[in-house]
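Here are my notes for anyone opening this entry for the first time. Have a look at the sequence and the structure, then work through the points below.

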Protein chains: 2
Amino acid sequence: MSQDRTLDACLDDTLHPEKAAKVLTTLLRDDQFEDLAAYFRVLGEPSRVRLLHCLLDAELCVCDLAALSNLSVAATSQHLRTLRNLHLVKRRREGKVMWYSLADEHIRSLLFITQEHLAHAQPRAAARPVEVS
Amino acid sequence: MSQDRTLDACLDDTLHPEKAAKVLTTLLRDDQFEDLAAYFRVLGEPSRVRLLHCLLDAELCVCDLAALSNLSVAATSQHLRTLRNLHLVKRRREGKVMWYSLADEHIRSLLFITQEHLAHAQPRAAARPVEVS
DNA sequence: TAAGCATATACGCAAATGATGAAGTATGGA
DNA sequence: TCCATACTTCATCATTTGCGTATATGCTTA
């Protein structure tokens, strides 16, 4: 009921229309997949995951984050903007300094769960054991 | 103890060395951030999230997945390879047909958690409510 | 109000990546 | 053995994206 009928037309191209039809009833809308992907995409960059990880238990300024991430201040600032657009971090000004922190407790569990998973399940990570701090 | 001493040098560039030093003790290694990001990166593509979502409760062939995702068979196959490389999906052959399914129950909770989160927390998504199936 | 510092933005480049169409592989049936 | 089907891989192209340099903005203090 939540699907376009243009979507139903795709069943004509399937090899197994019954199974596909069933899947169709639970499929999200295109824009929902967009949102999901946009969320994961900002996490899909080593520098940004690192920035977020730095902020897990601390409020830090751009300068600190840049140093900890081994990035230029400019690059750091851009990443932080990206993270801010997705409401993953927030900031407050204190004089000249801009303090960044997590906007979103959700990110904590997401990082933790995935870290856990990689540590145990993924061969590549298993080869060089992860110390979950 | 788990950090390079080259990393400690970065403290010279920080505005607040004490805070940064504390963060340093909990930071992961570069390759761990790489792994984390690589994992999230494959989810950072609408088509791939959609493919995974299709597979949540069904085993499907490439042809079906292509139709459901509105992608060419070739593109679908490539995405599936990417997902397979990260051990997110597995496949089995049955005659001419290749059946794909989730390799990893972890992905289910990851998708669910994030969907939930977007539905409730993100303004953009909140504007057009998500029906979590 | 001028100078200096912390941060933000503009811009250009190089690398990564997704889509397409064509060619290649594997399986089963005529 | 030849062909059709289901899928995979390859080569190419267009777009995106992360980074650094240079420039701009915002705030504080002299």
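1. First, a term: a residue is near a molecule or strand if its C-beta atom, placed from the backbone, lies within 6 Å of it. Around DNA strand C there are 24 residues, and C61(A), V62(A), C63(A), A74(A) and S77(A) come nearest. Two or more residues each are given to this surface by α5 (62-69), α6 and β3 (97-102) of chain A, together with α6 of chain B. Helices here are DSSP runs of H or I with at least four residues, strands are runs of E with at least two, and both are numbered from the N terminus.

2. A word on the source: this is a predicted model, in which local features need pLDDT of at least 70 and side-chain atom pairs count only at pLDDT 80 or more, while totals for chains, interfaces and linings use all residues. Residues are numbered from 1 along each chain as its sequence is written, with chains lettered from A and ligands numbered from 1 in the order in which they are written.

3. Which element gives the largest share of the surface near DNA strand C? That's α6(A), with six residues. By class, the surface near DNA strand C has 12 nonpolar, six polar and six charged residues. (Ala, Val, Leu, Ile, Met, Phe, Trp, Tyr, Cys and Pro count as nonpolar, Asp, Glu, Lys and Arg as charged, and the others, Gly among them, as polar.)

4. Now for DNA strand D, which is surrounded by 25 residues; the closest are S72(A), C61(B), C63(B), A74(B) and S77(B). Here α6(B) provides the largest share, six residues. The classes come out as 12 nonpolar, seven polar and six charged.

5. On to the protein chains: 59 residues from chain A and 59 residues from chain B take part in their contact, where two residues are in contact if their C-beta atoms, placed from the backbone, lie within 7 Å. On the chain A side, α3(A) gives the largest share, 11 residues. That side divides into 29 nonpolar, 15 polar and 15 charged residues.

6. S47(B), R48(B), L51(B) and L52(B) of α4(B) meet H79(B), L80(B), T82(B) and L83(B) of α6(B).
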